[in-house]
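This report goes through a set of helices, their packing and several loop residues. Please keep the sequence and the structure at hand while reading.

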Amino acid sequence: MRALITGVTGQDGAYLSKLLLDKGYDVDGLSPRHSTLNTWRLEEMGICDHPSFTLFVGDITCPASINFHVKVGGYDEIYNLGAMTFVAESFNSPIATMHINGLGSVNILEAIKNHSPKTRFYQASTSEMFGNTGGMLNEDSPMIPVSPYGIAKLYAHHMVKYYREHHGIHASAGILFNHESPYRGIEFVSRKICDGVAQIKAGKIDHIELGNLDACRDWGYAGDYVKAMWLMLRQDTPDDYVIATGETRSINYFLGRAFDNADIDMCGRIKTNDVFKRKSDVHILCGDAAKAGKKLGWVPTAGIDTLIKIMMDAEMERHEVGR
């Protein structure tokens, strides 16, 4: 089996690369030129030196680039994880967000249609597409995104259905809710909290600055979620699946558990700063992954408390903090 992963240097790209390599795949990773040196995740997981892994420079927003890779790669599967992933940044860069998160996906689908129609395709969709719909969200829930990030992802999500239904491509989309790990980008609140708490424990800083502490998310473990991506492409019939834990917790809850793991008092350690608040925020997200459980046999192995412990253990080690 041969697979191409776009956005391979990110959290999900690294976890998915390891999963596929462990299953005997030949894996090509595609990364835009500006992030070719940002390979620390791949290096820490031992992926860069794996004989079955190759890292290429490529741009999903450039049809010529992606056409070349799809045409010559002979891929059985393509996983599109390439995206502008930080929701807050999308408000400042809506055009770039649409080019990367929206049109980038279509460029890959067009390349598959024209050069490799038997290739199976996975699209990384997102819970941000639901916006403030509320309730327990599944594949049929209304999608009313409130950020340029969510809007661009929803466009790509609909285009996956179009290419599946009109061109017969085996194209599936995973509507993934928040999924974290020690390899999350430091700009994301989960990693920012764990890194900040470890730094407080180490005496390097005395507080953390955050935005909306009341926002609630369905938090899962990235290692679990990439397995769901792989399972989707094992199915005879392509489809879309919500991937989530079914439990929602606030940022305040996440903070409390992180401080508990470090065995320090949270009082006076958190300051709110409007700079970190989104212009338009999703208040609460909770996903219903019943379809994935029934059809894929997928279940999450790590709840939020286990996830926070995994992340805190890693940050304490990074900052050389003893228990």
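This is a predicted model: local features need pLDDT of at least 70, side-chain atom pairs count only at pLDDT 80 or more; totals for chains, interfaces and linings use all residues.

Ala-202 lies in the loop between α7 and β8 (208–210). Leaving aside residues up to four places away in sequence, Ala-202 touches His-319 and Val-321. The C-alpha atoms of Ala-202 and Val-321 are 5.8 Å apart, although 119 residues separate the two in sequence.

## Helix α11

The buried residues of α11 are Ile-304, Leu-307, Ile-308, Met-311, Met-312, Ala-314, Glu-315 and Met-316. Their cover includes the helices α7 (189–201) and α9 (251–262), together with the strands β7 (179–180), β10 (220–221) and β12 (249–250).

Helix α1 has 12 residues and reaches 17 Å from its first C-alpha to its last, which is close to the 16 Å expected at 1.5 Å a residue. The helix is mostly covered, with 10 of its 12 residues buried; these are Gln-11, Asp-12, Gly-13, Ala-14, Tyr-15, Leu-16, Ser-17, Leu-19, Leu-20 and Leu-21. Gly-24, which follows α1, has a positive phi near 90°.

One partner of α1 (residues 11–22) is helix α8 (residues 222–232), and the two pack at an angle of about 65° with their axes 9 Å apart. The crossing in which α1 passes α8 is right-handed. From α1, the residues Gln-11, Asp-12, Tyr-15, Leu-16, Leu-19 and Leu-20 take part, and they meet Ala-222, Gly-223, Val-226, Lys-227, Met-229 and Trp-230 of α8. Sorted by class, this contact of α1 with α8 has eight nonpolar, two polar and two charged residues.

## Helix α5 between two partners

How are helix α5 and helix α6 oriented, given axes that cross at roughly 15°? The axes of α5 (residues 94–115) and α6 (residues 148–167) come within 8 Å and cross at roughly 15°, which means that α5 is roughly parallel to α6. In passing α6, α5 makes a right-handed crossing. On the α5 side, the contact is made by Pro-94, Thr-97, Met-98, Asn-101, Gly-102, Leu-103, Ser-105, Val-106, Leu-109, Glu-110 and Lys-113, while α6 contributes Pro-148, Tyr-149, Ile-151, Ala-152, Lys-153, Tyr-155, Ala-156, Met-159, Val-160, Tyr-163 and His-167. The residues of the contact between α5 and α6 divide into 14 nonpolar, five polar and three charged.

Helix α5 also packs with helix α3 (residues 63–73), here at an angle of about 45° and with the axes 9 Å apart, and α3 and α5 are therefore oblique to each other. Their crossing is right-handed. Pro-63, Ile-66, Asn-67, Val-70 and Lys-71 of α3 meet Asn-107, Ile-108, Ala-111, Ile-112 and His-115 of α5. Six nonpolar residues, three polar ones and one charged residue make up this contact of α3 with α5.

## Two aspartates in loops

Asp-263 is found in the loop between α9 and β13 (270–272). Its phi is near 60°, a positive value in a residue other than glycine. Because its relative accessibility is 66%, Asp-263 counts as exposed.

Where does Asp-274 lie? Asp-274 is placed in the loop between β13 and α10 (290–295), and at 58% relative accessibility this residue counts as exposed. Asp-274 and Ile-5 are 269 residues apart in sequence, and the distance between their C-alpha atoms is 36 Å.

Key: Residues are numbered from 1 along each chain as its sequence is written. Side-chain values use heavy atoms; hydrogens and water are left out. Buried means under 20% relative accessible area, exposed over 50%, partly exposed in between (1.4 Å probe, protein chains only). Helices (H or I, at least four residues) and strands (E, at least two) are DSSP runs, numbered from the N terminus. Contact means heavy atoms within 4.5 Å. Axes are lines fitted to C-alpha atoms, for helices over the stretch in contact, and angles run from 0 to 180 degrees between N-to-C directions. Angles under 35 degrees count as roughly parallel, over 145 as roughly antiparallel, 65 to 115 as roughly perpendicular and the rest as oblique. A crossing is left-handed if the near helix is turned anticlockwise from the far one by less than a right angle, and right-handed if clockwise. Ala, Val, Leu, Ile, Met, Phe, Trp, Tyr, Cys and Pro count as nonpolar, Asp, Glu, Lys and Arg as charged, and the others, Gly among them, as polar. The expected span of a helix is 1.5 Å times one less than its number of residues.
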